[in-house]
Amino acid sequence: MAEYTELQIDALREVANTGSGHAAGDLSEMLGHSFEISVPRAMVTDVQTAIDMLGGAESEMSAVGIRVGGDVEAMLVAMFTPAQASNLCKLLGIDVDTDLGRSVLQEVGNVLACAYASVLAEMSGISFEVHPPDVISDMLGSIMSSLISATSLDISSVLLIDSTLGVNEADAEMSVLFVPFDDGIDQLLQRLGVA
Amino acid sequence: MSDRPTADVAVRIGELHAIRPGDRGALVAVGLGSCVGVAVIDQRSGASALAHVFLPELPEGGGRDGAGEGTYADRAIPALVRAVRDASDSGRDCRLVAVVAGGAKMFGARPGNDVGERNVAAVRRALATAGVRIATEDVGGGHGRTMRVDVDDEVRVAVRVVGSEPQELWCARPTQAAGGRLAA
């Protein structure tokens, strides 16, 4: 069912690269620390392998999930280990286990999603709306399987693009996942000029 | 499935496994979010099977060879019933009940398209079609679950959410379990 050419994967990776780049700039400004990004990794794999690669089904994670889009949609998810989430909040002198800590994570998710939405809009000419963020702490398996079941019906070839973004020296890094919804991916690729 | 497990058996997404009294391991489905764990248990022999259901049904035009037999609710339930019958001693009438857990609403759910809810509905429907009563269920909510089926002198089904202790959902002693452990 879902098969992608190298060119298409590259185009989506470029969205992630530019999106994470913009987000890193915005977050550096917001948090007063320099955010670095890794080169995004793109995979088409089955859902269980994706979970294993990201840390295993049982690992506890905090995740901020945001849906962007209208006609064409994608999910953006920032994932932190509990320690990373705590360290990120500490950059602002805030305890992660408070309402304020929670809203820091939400805001980080918002910044990410807005950066991706503007990059996607610029590259595709489609306008992308940013939905409110959901913050959850749960098992990686629950988080990922729910994410994939919502975006794709084909679990044996899941398209996943991830990068790391964060402040290295503070161990305040997060995984950023960019997961386009299956049912809009063809249109998105077309608008990106790689259909 | 004739290999007798000696350690816990991970029932990964889309998988389905069975155990019977005398097997030392438990069946464990880790990280059920919108996914649904369905245990079908033969109350006579204690043989049990657990599926990690991912989606309600096979998507239109999406016949997939790679997907495990536990992937889609509509196919997983008949497969569970078969697996439990196979794991029970032959010639014995099975008395099947089901325990269902999962189907949380986590992120990614779109209005009118909540996969967790649809999974639970599809599982209930398929169990009704197969004539298997649901003994108990722990579904919905916003948290992921890990589901564990232990088959020993008793069959025990427990569920755990992150940061809490396991909760026992169901427990019963098989009515014809004698000899199961010794025979192993």
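Start with the largest nonpolar core, which has 57 residues. Select A:M79, A:M144 and B:M147, the residues with the most contacts inside this core. The model you are looking at is predicted.

Stay on A:M144 and show its surroundings. Leaving aside residues up to four places away in sequence, A:M144 touches A:I51, A:L54, A:M79, A:L160 and A:L177. In soluble globular proteins, nonpolar side chains tend to be buried together.

Over all chains, the structure holds 1 aromatic pair. The ring centres of A:Y116 and A:F178 are 5.6 Å apart and the planes stand at 40 degrees, so the pair is tilted. The pair links distant parts of the chain: A:Y116 sits in helix α4 (residues 99-124) of chain A and A:F178 in strand β7 (residues 172-180) of chain A, 62 residues apart. Are these two residues buried or exposed? A:Y116 counts as buried because its relative accessibility is 0%, and A:F178 is buried with a relative accessible area of 1%.

Now move to chain B. Select helix α1 (residues 73-87) and helix α2 (residues 115-130) of chain B, whose axes come within 8 Å and cross at roughly 40 degrees. That angle makes α1(B) oblique to α2(B), and the crossing is right-handed. To see the contact, show B:A73, B:D74, B:I77 and B:V81 of α1(B).

Conventions
Residues are numbered from 1 along each chain as its sequence is written. Chains are lettered from A and ligands numbered from 1 in the order in which they are written. This is a predicted model: local features need pLDDT of at least 70, side-chain atom pairs count only at pLDDT 80 or more; totals for chains, interfaces and linings use all residues. Side-chain values use heavy atoms; hydrogens and water are left out. Rings of Phe, Tyr and Trp (its six-membered ring) pair if their centres lie within 6.5 Å; planes under 30 degrees apart count as stacked, over 60 as edge-to-face and the rest as tilted. Helices (H or I, at least four residues) and strands (E, at least two) are DSSP runs, numbered from the N terminus. Buried means under 20% relative accessible area, exposed over 50%, partly exposed in between (1.4 Å probe, protein chains only). A nonpolar core is a set of buried Ala, Val, Leu, Ile, Met, Phe, Trp, Tyr and Cys residues joined through side-chain atoms within 4.5 Å. Contact means heavy atoms within 4.5 Å. Axes are lines fitted to C-alpha atoms, for helices over the stretch in contact, and angles run from 0 to 180 degrees between N-to-C directions. Angles under 35 degrees count as roughly parallel, over 145 as roughly antiparallel, 65 to 115 as roughly perpendicular and the rest as oblique. A crossing is left-handed if the near helix is turned anticlockwise from the far one by less than a right angle, and right-handed if clockwise.
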